[in-house]
Amino acid sequence: MRRCAVLPLSVLLLLAILFSPGSGGLADDELTLTENIFGARETLSCWVDVPGRGEVRYYAQNDGLWIDLIYETPSSTKKRPFGDGGCNPTALAMAVRMLVDEKELPVIASDAGRPFSLCNCSLNKNACGYGHARYYLTSPRDYDRFLPLVFADYACGNNIRGVRSRSEAKGTVGGYMKYVCAAYGLDLTTVSEQKAGLDAVTAEDTAVIAYCASGGAFTTVGHYVLIAWADETNVYFLDPLCREKYRTNNSSHVHIIQPGLVYMSRSELRYAGISGYIIITKTNAAP
Ligand SMILES: [Zn+2]
């Protein structure tokens, strides 16, 4: 099993860093400091060899690059970190990345209300009260690297669709997902039947996200995971919450291949508590 590789510091040099329109007074060394903070962190992002499927892009909500970044809407009174509540946009990022080439990833920018950016403390400008220097994502490489944060910002309301799916009460709900998919020429449907959900996993040009209810093997509060493959015996998951050990009810039914990549047997899948399958399919329509 190929292990996740840590991106070299030099990758940081590929980040296009621009001054925000309102931060013209920031000094160069302040931007350099921001860059160094991100550069000093290891990342869990990698390509994972999923049995039966092959290489799939993996992202973790609790990646050291962004685990502490505040993930909130403009009106929120909370300061919740992405590591605690970012499973939905992280799972969506893995699903989109299954179906969309890196060079096409910036297409989502045409849907944005303002350019996607991040700073030392927040994945969008909403929660940063410090005037931090901000990275502005411009290249396909930037979008590949920070795709979970792009979709999270979209869910916070940074879009021209008037969609806001990040709530103070419920975390991230799924309403924004179909708009993100549409921007990439992807269709999204939801089913609750296990057979329909699992059949879709092996269909061509298709990615499937499962919503797992609280009390299942994956979560005590509700959780989104990517179903990366399903064979006759097992179902393979890429879990946005990368962990060495599962401390949940029924956790004995989750088998860890490597942190982030796990499988359950089909016969024990009921212990996952899956209540919905979000099926994302590439259409012939140009994005
Ligand atoms: Zn900040």
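I began with helix α5 (residues 140-155), where I found a kink of about 80° at Phe-146, shortly before the proline Pro-148; the bend at a residue is taken as the angle between axes fitted to the seven residues ending there and the seven starting there. Helices (H or I, at least four residues) and strands (E, at least two) are DSSP runs, numbered from the N terminus.

I noted next that this is a predicted model, in which local features need pLDDT of at least 70 and side-chain atom pairs count only at pLDDT 80 or more, whereas totals for chains, interfaces and linings use all residues. For my own bookkeeping, residues are numbered from 1 along each chain as its sequence is written.

I then checked the confidence, given as pLDDT, the predictor's confidence in each residue from 0 to 100. The mean for the protein is 88, and 85% of its residues reach 70 or more. Over residues 5-25, however, the pLDDT is below 50, and beyond near neighbours in sequence this stretch has 28 contacts in the model; a contact here requires C-beta atoms, placed from the backbone, within 7 Å.

For the overall inventory I wrote down 7 helices and 13 strands, and 41% of the 287 residues counted as buried. Among contacts between residues at least 6 apart in sequence, 66% join residues at least 24 apart.

I turned to the sheet, which is open and made of 7 strands in the order β7-β13-β8-β9-β10-β12-β11, with antiparallel pairing; two strands pair if DSSP finds at least two bridges between them. β7 (186-191) and β11 (255-258) stand at the edges with a single partner strand each, so one side of each has no neighbour in the sheet. Neighbouring strands are turned by 30° against each other on average, direction ignored, the axes being lines fitted to C-alpha atoms (for helices over the stretch in contact) and angles running from 0 to 180 degrees between N-to-C directions.

What packs on the sheet? I found helix α4 (residues 87-99) there, touching β7, β8 (206-212), β9, β10 and β13 (274-282), and its direction makes about 25° with that of β9.

I followed the pairings one by one, starting with β13. β7 pairs with β13 over 6 bridges in the antiparallel sense, and Val-191 has Tyr-277 as its bridge partner in β13. β8 and β13 are also antiparallel, over 7 bridges, with Ile-274 of β13 as the bridge partner of Cys-212.

β9 (residues 223-230) and β10 (residues 234-238) pair antiparallel over 4 bridges and form a hairpin with 3 residues between them. Across this pair I saw Leu-226 opposite Leu-238 and Trp-229 opposite Tyr-236. On β10 itself, 4 of the 5 residues are buried, so the strand is largely enclosed by the rest of the structure. I also traced 5 bridges from β10 to the antiparallel strand β12 (residues 261-265), where Ser-265 is the bridge partner of Asn-234.

Methods:
Contact = placed C-beta atoms within 7 Å. Buried ≥ 20, exposed ≤ 12 C-beta atoms within 10 Å, placed from the backbone.
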